[in-house]
Protein chains: 2
Amino acid sequence: MSSRASRIKTISIKEAAVETNLSAHTLRYYERIGLLPNIARDSNGQRRYTADNLGAILILIKLRATGMPIGIMQRFVQLLEMGDKAVAERRALLEAHEKAVRANIVELETNLEAIITKIGIYKDIEETGSKTTCSFLSPRAETRAKTSEV
Amino acid sequence: MSSRASRIKTISIKEAAVETNLSAHTLRYYERIGLLPNIARDSNGQRRYTADNLGAILILIKLRATGMPIGIMQRFVQLLEMGDKAVAERRALLEAHEKAVRANIVELETNLEAIITKIGIYKDIEETGSKTTCSFLSPRAETRAKTSEV
DNA sequence: CTAAACGTTAGAGTGCGCTCGAAGTCAAAT
DNA sequence: ATTTGACTTCGAGCGCACTCTAACGTTTAG
């Protein structure tokens, strides 16, 4: 195999920040709290990010973007550090998260439905100039009198 | 029309909390910050919630559950208080929110895809007992050597 | 030689959305 | 008469995920 020293291309924290769309502050923060172990340093003690590091960061970003709390991400990274013998646990963790995200999406869609219905009611009001008492569209109010109209 | 006094059924804050799944604390908080104007009081100064109030709360909850920031909700409530002459603005606000929520759902789905792919990779590892170098499934790492495996 | 540009650390601060605590009022139950 | 319990206000506190500051070190350009 080939490995005579650091033939591997690495990038600075600033470049990594650009690549990942995180701030350098956040990259350091993630490292501090254990989400990014094994970030190499150069002779001046400055961080050098490898392609693998970036790959790891990108998946962490996806986990965050889907609402995984930092605490669970820390657990996930711990499992990563345990190597193949923790693959099953890692999978279980991700599957639990998948379930949570799916539930979240369903909740968003359901609530969005109701909001869209409300938009429709506003359209009607704008067109007819007043509230067409079409009460089955709105479970309450909006077809009502003065108080607490929605 | 019928309205001889308070023939309208109202409920206490505790009951409203149960109905809405918010805490009484949160109901008071929402009122304080202007999300719930016009909550009536009884002779002892205690809050009494009408069905219309509950209706309003329920839609506020849907807005929050879809990620609308409190600040925008305050604006929405202001528009509500202006009555029909602000219907168009209200609709615009909700339509902007609809757009944001749709974008959010798409983002969740996209990221979830990537996570599910990773779950698939873990399944493979569990089955074959090692990493089948099938690099097109994983844009990086996981099919790699020791460092920063994901 | 100095200044700018970039990095480092430890720790403090921020913004959001609640959540709670303290001190007080009131009414019904004992 | 007093206790219980639900309510009130106001302000402080909390958890999360950053985000920034201060003080300092190193490298490069003029």
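In the predicted model, 45 residues of chain A are in contact with 45 residues of chain B. On the side of chain A that touches chain B, two elements of chain A, α3 (51-65) and α5 (87-128), each give two or more residues, and α5(A) gives the most, with 25 residues. When the residues of this side of chain A are divided by class, 20 are nonpolar, 10 are polar and 15 are charged.

By class, the surface near DNA strand D comprises 4 nonpolar, 9 polar and 4 charged residues.

Within chain B, helix α4 (residues 70-81) packs with helix α5 (residues 87-128) at an angle of about 155°, and the axes of the two helices lie 9 Å apart. Because angles over 145 degrees count as roughly antiparallel, α4(B) and α5(B) are therefore roughly antiparallel to each other, and the crossing in which α4(B) passes α5(B) is left-handed. To this contact α4(B) brings B:Arg75, B:Phe76, B:Leu79 and B:Leu80, while α5(B) brings B:Glu89, B:Arg90 and B:Leu93. The contact of α4(B) with α5(B) accordingly has 4 nonpolar and 3 charged residues, with no polar residues.

Definitions and conventions: Residues numbered from 1 in each chain as written. Chains lettered and ligands numbered in written order. Predicted model: local features only at pLDDT ≥ 70, side-chain atom pairs only at ≥ 80, totals over all residues. Contact = placed C-beta atoms within 7 Å. Helix = DSSP H or I, 4+ residues; strand = E, 2+ residues; numbered from the N terminus. Nonpolar A, V, L, I, M, F, W, Y, C, P; charged D, E, K, R; others polar. Axes fitted to C-alpha atoms, helices over the stretch in contact; angles between N-to-C directions. Parallel < 35°, antiparallel > 145°, perpendicular 65-115°, else oblique. Left-handed = near helix turned anticlockwise from the far one by under 90°.
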